[in-house]
Amino acid sequence: QLQASGGGLVQPGGSLRLSCAASGSIFSINTMGWLRQAPGKQRELVAGISSGGSTNYADSVKGRFTISRDNAKNTVYLQMNSLKPEDTAVYYCNADVQMMLSGPWYEYWGQGTQVTVSS
């Protein structure tokens, strides 16, 4: 399972760091990512990172957000700087997980963490 943490209330221009740790009998993790869903809007990809460290970002967060991962800890992070009110959303992490060598891949989701940017 994935456990996300780090959300909260922050003023515009502030920063937050989200974490998401995968637990259980995991053999391998491929792509990890963060998505968000604002009220009344569809869930959208914020950032993704491959097992090799390649990253991609939504245009709306480029230059402000940084995704990283610690493979030894099976954890993905999202450093969010220069936050704007439009970044307000529930943030979800996900990961492609393999439980055994040559086994199937599963897409796991975290429970979501609320980020609110407001003065």
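**Entry 1: Thr113**

Is Thr113 buried or exposed? I keep in mind that this is a predicted model. I look up the relative accessibility of Thr113 and find 10%. Buried means under 20%, so Thr113 counts as buried.

Where does Thr113 sit? I find Thr113 in strand 11, which covers residues 113-117.

Next I list what Thr113 touches, leaving out residues up to four places away in sequence. The list reads Ala4, Ser5, Gly6, Gly7, Leu18, Ala89, Val90 and Tyr91. I also note a polar atom of the Thr113 side chain 3.2 Å from the backbone nitrogen of Gly7.

**Entry 2: strand 11**

I stay with strand 11 and check its two faces. In general, the side chains of a regular strand alternate between the two faces of the sheet. Which residues of strand 11 are on the covered face? I write down Thr113, Val115 and Val117. Gln114 and Thr116 are on the uncovered face.

Now the partners. In general, strands of a sheet pair through backbone hydrogen bonds, either parallel or antiparallel. Strand 2, residues 8-10, pairs with strand 11 in the parallel sense. I count three bridges there. Gly8 has Val115 as its bridge partner in strand 11.

Strand 9, residues 89-98, pairs with strand 11 in the antiparallel sense, again over three bridges. Here Ala89 stands opposite Val115.

Four of them form an open sheet in the order 1-3-8-7, with antiparallel pairing. Which strands are at the edges? They are strand 1 (2-5) and strand 7 (65-70), and each pairs on one side only. Neighbouring strands of this sheet are turned by 15° against each other on average, direction ignored.

Strand 7 and strand 8, residues 75-80, run antiparallel and are joined by six bridges. Arg69 stands opposite Val76 of strand 8.

**Entry 3: salt bridges**

In general, side chains of opposite charge can pair when their charged atoms come close. How many salt bridges does the count give? The count comes to four. I follow some of them.

I begin with Arg36 and Glu44, whose side chains meet in a salt bridge at 2.7 Å, N to O. Arg36 is buried, with a relative accessible area of 5%. Glu44 is partly exposed, at 34%.

Arg36 also forms a salt bridge with Asp87. Their closest N and O atoms are 3.0 Å apart. Why does this pair tie together separate parts of the chain? Asp87 lies in the loop between strand 8 and strand 9, and Arg36 lies in strand 4 (residues 28-37), so the pair ties together parts that are 51 residues apart in sequence. Both Asp87 and Arg36 are buried.

Then I check Arg64. Its side chain meets that of Asp87 in a salt bridge at 2.8 Å, N to O. This pair links distant parts of the chain, 23 residues apart. Arg64 is in the loop between strand 6 (55-57) and strand 7.

How buried are these two? Arg64 has a relative accessible area of 10% and is buried. Asp87 is buried too, at 0%.

My last note joins these pairs up. Through shared partners, salt bridges join Arg36, Glu44, Arg64 and Asp87 into one network.

Methods
Residues are numbered from 1 along each chain as its sequence is written. This is a predicted model: local features need pLDDT of at least 70, side-chain atom pairs count only at pLDDT 80 or more; totals for chains, interfaces and linings use all residues. Side-chain values use heavy atoms; hydrogens and water are left out. Helices (H or I, at least four residues) and strands (E, at least two) are DSSP runs, numbered from the N terminus. Buried means under 20% relative accessible area, exposed over 50%, partly exposed in between (1.4 Å probe, protein chains only). A polar contact is a pair of N or O atoms within 3.5 Å; within protein, one must be able to donate a hydrogen and the other to accept it, and residues adjacent in sequence count only if both atoms are side-chain atoms. Contact means heavy atoms within 4.5 Å. Two strands pair if DSSP finds at least two bridges between them. Axes are lines fitted to C-alpha atoms, for helices over the stretch in contact, and angles run from 0 to 180 degrees between N-to-C directions.
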